2 protein chains.
Amino acid sequence: MSILAVGTIGLDTIVTPSGQRENILGGSVTYFALSASYFTDVRVVAVAGADFTPELESVLTKCKVDTRGIERTAGQTFRWGGDYTSNLNEAQTTFTELNVLAEFNPKIPAEYLDSNFLFLGNMVPANQAQVRRLMKDAWLTGCDTMNYWIQSAPEELAKTLNLVDVLLINDGEAKMLGEEPNLMRSAQRILAMGPKALVVKHGEYGATIFFREGAFGVGRHPFRAPTLPLAEVQDPTGAGDSFAGGFMGYIASQGEINREVLKRAMFYGGVMGSFAVERFGTERLQQLTRAEIDERFAIFRELTHLE
Amino acid sequence: MSILAVGTIGLDTIVTPSGQRENILGGSVTYFALSASYFTDVRVVAVAGADFTPELESVLTKCKVDTRGIERTAGQTFRWGGDYTSNLNEAQTTFTELNVLAEFNPKIPAEYLDSNFLFLGNMVPANQAQVRRLMKDAWLTGCDTMNYWIQSAPEELAKTLNLVDVLLINDGEAKMLGEEPNLMRSAQRILAMGPKALVVKHGEYGATIFFREGAFGVGRHPFRAPTLPLAEVQDPTGAGDSFAGGFMGYIASQGEINREVLKRAMFYGGVMGSFAVERFGTERLQQLTRAEIDERFAIFRELTHLE
């Protein structure tokens with residue numbers, strides 16, 4: 001089944017202890033789409049400027065991502081600078097140039113309206129809600145957000161949360177949104193805001209999914225999948241969106257939702273995140289094979305499997 | 001089989017967001033012994049002052065901990081103050097009074113020399129090495145240490161690491177000792193210093209065990225067990241020693257070491273740590289039942305179990 005991903009395309013300038021790169025392809029839909037492309041068909045809606053060259057676009061199309069929904073406007077693509085030299089787990093933003101993103105109003109091509117899965121990358125919550133309302137046939141919607149929207153647009157965000165099935169955020173965001181330092185209680189408060197499930201990403205420690213009572217008929221117990229970067233961590237950028245791509249891509253590939261599918265999806269999310277960080281930008285995500293993905297899945301399963 | 005635990009008894013003054021307590025029973029052997037007591041026989045060696053009352057001692061003896069190895073000297077018991085109000089994951093030390101601990105030179109009662117398991121709580125590395133050399137019959141030795149010794153006594157610590165089987169430390173300590181921010185590589189460097197296995201505790205995210213090639217014949221893949229405080233976190237003090245008590249206690253109760261035993265031991269470690277933090281000091285650890293422990297074990301297993 002097809003996934004539609006709506007979010008950002010960006011040109012990132014990144015400094016990490018392993019080196020630096022200037023204006024490399026990034027953005028939430030880029031990481032999400034490449035990651036999900038190993039599992040299912042992916043369509044993207046985003047905005048890019050004149051500097052989004054055919055060569056950059058081919059990174060997506062080589063992985064069979066449908067890029068017809070990328071709107072081209074005059075001006076420059078969104079640019080972001082991140083520095084991880086003092087903390088590999090959290091970027092210091094060095095600059096943000098919204099450029100063409102400032103006026104972005106996502107338009108869904110008619111041929112995308114039949115997508116069964118929808119991923120709303122981090123963006124203005126009102127845009128997320130607007131896209132969700134257009135996609136009447138989506139039967140599973142995943143959504144990301146960030147501290148900035150939790151603090152500056154809580155009411156808009158609340159409306160969006162009421163429309164989505166799975167919210168995927170990190171620990172700090174979950175504790176801020178739930179207004180509670182205990183993760184279990186914070187998760188309960190967030191689930192009361194609307195989503196059926198909450199995925200909290202713990203960076204190098206994996207991720208946990210919490211369920212609202214009755215959600216998907218999968219029981220109330222949370223589930224945690226580990227991660228373990230097996231090689232070097234060169235660049236953590238995009239790990240969260242790559243996780244979301246593996247998570248939603250795997251669910252879409254199964255065509256049904258049950259507890260076992262969701263558990264495996266959590267593992268695939270961790271696997272894709274762990275690949276993403278091994279090289280700068282999308283380098284590693286561009287050249288994977290499903291066999292490599294499943295081999296790492298088996299290692300992660302063994303990592304926590306009790307007989 | 002019996003475990004001998006050598007370390008500290010302390011009187012702790014603790015402030016957390018949930019409240020405060022003054023001069024409550026703490027120290028590494030206290031948490032370790034109470035936790036391990038649910039699995040096997042535990043003997044302790046430590047030093048205490050005149051203020052270590054029969055009432056305080058009864059906390060240990062009620063759980064059938066053998067306290068004959070606690071040396072009584074004139075003066076006050078070791079005291080420590082910790083404040084968790086700004087960060088529930090890491091105490092700010094408000095004061096340290098070594099008192100009788102300053103001159104502690106651990107003596108092993110003759111009737112303890114047949115202990116098969118040995119736990120060396122965090123203390124001067126030279127004392128740990130001395131105890132290890134005395135305990136010739138111990139066939140599994142676990143050891144803790146801390147940043148202070150890694151920085152101030154690296155050569156002494158290196159000698160101790162050469163004598164122990166399992167080192168149990170937290171993430172920050174592992175990265176400092178291995179001089180490497182990547183946990184996988186840091187673990188390899190630490191294992192090259194002597195221990196057969198390294199347990200790295202990740203606080204609220206669980207713990208990972210890494211193996212030196214050929215160690216225990218259990219294969220090279222690391223193993224991770226999750227944790228999840230199910231109720232409130234009132235006081236994180238002692239979580240690490242409680243983990244060690246569950247980990248070593250379970251192994252001692254099995255009488256053999258194989259990969260499955262070590263994996264289950266990691267889960268029991270996480271279970272005991274999660275109980276410890278639910279109440280102040282040793283409150284929760286004093287009144288557990290094995291049924292409650294196994295019920296939580298089942299929840300933690302379900303938390304990460306793929307069919």
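Select A:Gly49 first: leaving aside neighbours within four places in sequence, A:Gly49 is in contact with A:Thr73, A:Gly75, A:Gln76, A:Thr77, A:Asn99 and A:Val100. Two residues are in contact if their C-beta atoms, placed from the backbone, lie within 7 Å. This is a predicted model, in which local features need pLDDT of at least 70 and side-chain atom pairs count only at pLDDT 80 or more, while totals for chains, interfaces and linings use all residues. Residues are numbered from 1 along each chain as its sequence is written, and chains are lettered from A and ligands numbered from 1 in the order in which they are written.

**Around A:Gly49**

A:Gly49 sits in the loop between strand E4 (42-48) and helix H2 (54-61) of chain A. Helices (H or I, at least four residues) and strands (E, at least two) are DSSP runs, numbered from the N terminus. Show the C-alpha atoms of A:Gly49 and A:Thr73: they are separated by 5.2 Å, though the residues are 24 apart along the chain. A:Gly49 counts as partly exposed because it has 18 C-beta neighbours inside 10 Å. The cut-offs are 20 or more other C-beta atoms within 10 Å for buried, 12 or fewer for exposed, and partly exposed in between, with C-beta atoms placed from the backbone.

Next, select A:Asn99, in the loop between strand E7 (92-97) and strand E8 (117-120) of chain A. A:Asn99 has 20 C-beta neighbours inside 10 Å and therefore counts as buried. Its phi is near 50°, a positive value in a residue other than glycine.

**H6 and H7 of chain A**

Select residues 171-178 (helix H6) and 183-191 (helix H7) of chain A; their axes come within 8 Å and cross at roughly 65°. Axes are lines fitted to C-alpha atoms, for helices over the stretch in contact, and angles run from 0 to 180 degrees between N-to-C directions. H6(A) passes H7(A) in a left-handed crossing. A crossing is left-handed if the near helix is turned anticlockwise from the far one by less than a right angle, and right-handed if clockwise. H6(A) contributes A:Ala174, A:Lys175, A:Leu177 and A:Gly178 to the contact, and H7(A) contributes A:Leu183, A:Ser186, A:Ala187, A:Arg189 and A:Ile190.

In the loop between H6 and H7 of chain A is A:Glu179. Phi of A:Glu179 is near 50°, a positive value in a residue other than glycine. A:Glu179 counts as exposed because 11 C-beta neighbours lie inside 10 Å.

**H9 and H11 of chain A**

Move to helix H9 (residues 259-276) and helix H11 (residues 290-304) of chain A, which pack at an angle of about 115°, with their axes 9 Å apart. H9(A) is therefore roughly perpendicular to H11(A). H9(A) passes H11(A) in a right-handed crossing. To see the contact, display A:Phe267, A:Tyr268, A:Gly270, A:Val271 and A:Ser274 of H9(A), with A:Ile293, A:Arg296, A:Phe297, A:Phe300 and A:Arg301 of H11(A).

**Chain B**

Now show both chains. Chain B superposes on chain A by a rotation of 180° with 0.0 Å of shift along the axis (RMSD 0.0 Å). That is the relation of a two-fold axis. The contact takes 27 residues from chain B and 27 residues from chain A. On the chain B side, the elements giving two or more residues are strand E13 (223-225), helix H9 (259-276) and helix H11 (290-304). H11(B) gives the most, with five residues.

Finish at helix H1 (residues 28-36) of chain B, where nine of nine residues are buried.

Conventions:
Copies are superposed by least squares on the C-alpha atoms of residues with pLDDT of at least 70 in both. Angles under 35 degrees count as roughly parallel, over 145 as roughly antiparallel, 65 to 115 as roughly perpendicular and the rest as oblique.
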